[in-house]
Amino acid sequence: MASVTLRRLTKTYDTGGTQAVADLSLDVRDGEFFVLLGPSACGKTTVLRCIAGLEEPSAGEILIGDHDVTHRSPGERDVAMVFQGHALYPHLSVRGNIAFGLEVRGVPAAETARRVEQAAERLGLTASLERRPAELSGGERQRVALGRAIVREPRVFLYDEPLSSLDPTLRGELRAELLELHHALGVTVVYVTHDQVEAMMMGQRIAVLDAGRLRQLGTPAEVYGQPADVFVARFIGNPGMNVLKGRGRGTGRSGGVVDCGAWSIAVPLEHYEGEIHLGVRPEHVRLCAPDQGTATAEVRVIEPLGADTLIHVDAGGQRVVARVGGFPDFRPGDRVGVTLDRQHLHLFDAAGARLV
Ligand SMILES: Nc1ncnc2c1ncn2[C@@H]1O[C@H](COP(=O)(O)OP(=O)(O)O)[C@@H](O)[C@H]1O
Ligand SMILES: [Mg+2]
């Protein structure tokens, strides 16, 4: 087990000159399940490959435990990487696939056999040890890939979107298994995903990346409840936060007001003048009779999810999504009243940074 520290990690690829990772500093704690979250091409895989030693950073340092491993070979780092669509050796049995990494490292046969059987037991693969990859389901193959990492007993696990090619049911099962495994092994995990739902469910802390830069690092509750900027506010949540453009005007002692399409809302900002972004999560938008809201709107789209329903409304040109319990009796074209929950408003400045 070990912590992982990145200090001002920067990676620019020679081909294309892309700056994939820019000045990234973060600490992964010993034994933590840490998630790196961001959209496609934001640099997640590059960060993992740098930690694993498969990519040379352009600048910055990487520490595993107390050791600076920035210029160490992958073999000296004691990390194991698992990625999606992990290629197994088709001609080897499950046993052979799991044992492979130990055999090439010269681990004695008896020790290899012991570790392979222990890993297979943990992953529910004992009955499949003599089968070949072609005879396995997608989920079993992913477990074999995991087994290959486990038997090496690494100090850090690096997962690169290991579940993204699986169907939703299997994903849910494997997600639970990965968390159980983390609990049982107590090993440090850096888990990469572009799926914010997965990040929220799995991460003890989440680092949100955009275009190679760290936008926010926090617990799921922090990145959801106090997003650092408009990007994080929109990216986290399913769907993300409603962000409306408006103008702030200070009114002195009584605070300020945001004029935002259909709404003029009192806000706790006394001295802010100019463009502002007003954020509100769908669960904090209330729908009611047309004459009882703080604005009126027209229902546009209705998306029932089972436990609740997403209702998209248009309020004077502003599009807002509301989350309403159960199967409410609305139809497209209905006039409704809309109120934004004053206790749960988020304010961001013109550039998108959080104000309140
Ligand atoms: N080997 C490479 N050579 C050149 N550019 C690369 C290479 N690998 C990744 N990139 C570029 O770096 C950026 C980040 O890529 P990547 O780390 O794979 O992002 P992610 O895993 O978040 O999708 C992308 O713009 C990608 O095109
Ligand atoms: Mg990637």
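The shell around ligand 1 divides into four nonpolar residues, eight polar residues and one charged residue. Here Ala, Val, Leu, Ile, Met, Phe, Trp, Tyr, Cys and Pro count as nonpolar, Asp, Glu, Lys and Arg as charged, and the others, Gly among them, as polar. Of the 13 residues around ligand 1, the ones that come nearest are Y13, A20, K44, T45 and T46; a residue is near a molecule or strand if its C-beta atom, placed from the backbone, lies within 6 Å of it. Helix α1 (residues 44-52) gives the most to this shell, with three residues.

Before going on, a word about the model and its labels. This is a predicted model, in which local features need pLDDT of at least 70 and side-chain atom pairs count only at pLDDT 80 or more, while totals for chains, interfaces and linings use all residues. Residues are numbered from 1 along each chain as its sequence is written, and chains are lettered from A and ligands numbered from 1 in the order in which they are written. Helices (H or I, at least four residues) and strands (E, at least two) are DSSP runs, numbered from the N terminus.

Let us step back to the whole chain. It is divided into domain 1 (4-234) and domain 2 (242-348), with bounds that come from an automatic or database domain assignment. The C-alpha centres of domain 1 and domain 2 lie 39 Å apart. Where they meet, five residues of domain 1 are in contact with five residues of domain 2, contact being C-beta atoms, placed from the backbone, within 7 Å. On the side of domain 1 that touches domain 2, three residues are nonpolar, none is polar and two are charged.

Now for the sheets. One open sheet has six strands in the order β6-β7-β8-β3-β9-β10, with mixed pairing; two strands pair if DSSP finds at least two bridges between them. Its edge strands, β6 (79-83) and β10 (213-218), each pair on one side only. From one strand to the next, the twist averages 15°, an angle between axes, which are lines fitted to C-alpha atoms, for helices over the stretch in contact, with angles running from 0 to 180 degrees between N-to-C directions.

A second open sheet has five strands in the order β13-β12-β11-β14-β20, and its pairing is antiparallel. Here the edge strands are β13 (263-267) and β20 (346-348), each pairing on one side only. Neighbouring strands of this sheet are turned by 35° against each other on average, direction ignored.

Some strand pairs can be followed bridge by bridge:

| Strand pair | Direction | Bridges |
|---|---|---|
| β7 (residues 156-160) and β8 (residues 188-193) | parallel | five bridges |
| β14 (residues 274-280) and β20 | antiparallel | three bridges |
| β16 (residues 295-304) and β19 (residues 335-340) | antiparallel | four bridges |
| β16 and β17 (residues 308-315) | antiparallel | six bridges |

Y159 stands opposite Y191 in β8, and H277 has F348 in β20 as its bridge partner. A297 faces V336 in β19, while I302 stands opposite I311 in β17. The hairpin of β16 and β17 has three residues between the strands, and G306 there takes a positive phi near 110°.

Finally, how far apart are the end C-alpha atoms of helix α5 (residues 168-185)? They are 25 Å apart, which agrees with the 26 Å that its 18 residues should span at 1.5 Å a residue, the expected span being 1.5 Å times one less than the number of residues. After α5 comes G186, whose phi is positive, near 65°.

Conventions. Two residues are in contact if their C-beta atoms, placed from the backbone, lie within 7 Å.
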